[in-house]
Amino acid sequence: MIQRETSAPPHKRPEGPVRTCVGCRKRGLAVELLRVVAVDGGNGACAVTVDTARKLPGRGAWLHPDPQCLDAAIRRQAFVRALRITGSPDTTAVVEHVGAAHSAQAPPRPRNRTGSEEHEHTVKSR
Ligand SMILES: [Zn+2]
């Protein structure tokens, strides 16, 4: 006799969608990651900008709002690969966005950040 368990949703998390950070390659909740997209820099070059409203079209990459993740992403050219762009993009906007949030001692976060570091524990398991 075989009993079927039908009441076990495999990947349902109430917190929301999970994305992979292009910097540290760890997965985190989308609401806790920055969405970055490639935009036309105006002079034939690409620029990477933070899609704070999450409404910009096109491919997006996800990044923790952490200078270390940003640094890793830039060094490994993760944006280039994730966003399917060529050359070295201008990441000034992202650097400023992340850097500004961390340079202050008590960074006021204008966007409502729903989670804290403790939330990391809920998503660490695969
Ligand atoms: Zn990261």
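Colleague: How many bridges join strand 3 to strand 5, and which way do the two strands run?

Modeller: Strand 3 (residues 34-40) and strand 5 (residues 60-63) are joined by 4 bridges and run antiparallel. Strands here are DSSP runs of E with at least two residues, numbered from the N terminus, and two strands pair if DSSP finds at least two bridges between them. This is a predicted model: local features need pLDDT of at least 70, side-chain atom pairs count only at pLDDT 80 or more, and totals for chains, interfaces and linings use all residues. Residues are numbered from 1 along each chain as its sequence is written.

Colleague: Which residues of strand 5 face Arg35 and Val37?

Modeller: Arg35 stands opposite Trp62, and the bridge partner of Val37 is Gly60.

Colleague: What about strand 4: how many bridges pair strand 3 with it?

Modeller: Strand 4 (residues 46-50) pairs with strand 3 over 5 bridges, in the antiparallel sense. Val50 in strand 4 stands opposite Val36. The two strands form a hairpin with 5 residues between them, and Gly42 in the turn has a positive phi of about 100 degrees.

Colleague: In what order do the strands lie in the sheet?

Modeller: The order is 4-3-5, in an open sheet of 3 strands with antiparallel pairing. Strand 4 and strand 5 each have a single partner strand, so one side of each is left without a neighbour in the sheet. Neighbouring strands are turned by 35 degrees against each other on average, direction ignored; axes are lines fitted to C-alpha atoms, and angles run from 0 to 180 degrees between N-to-C directions.
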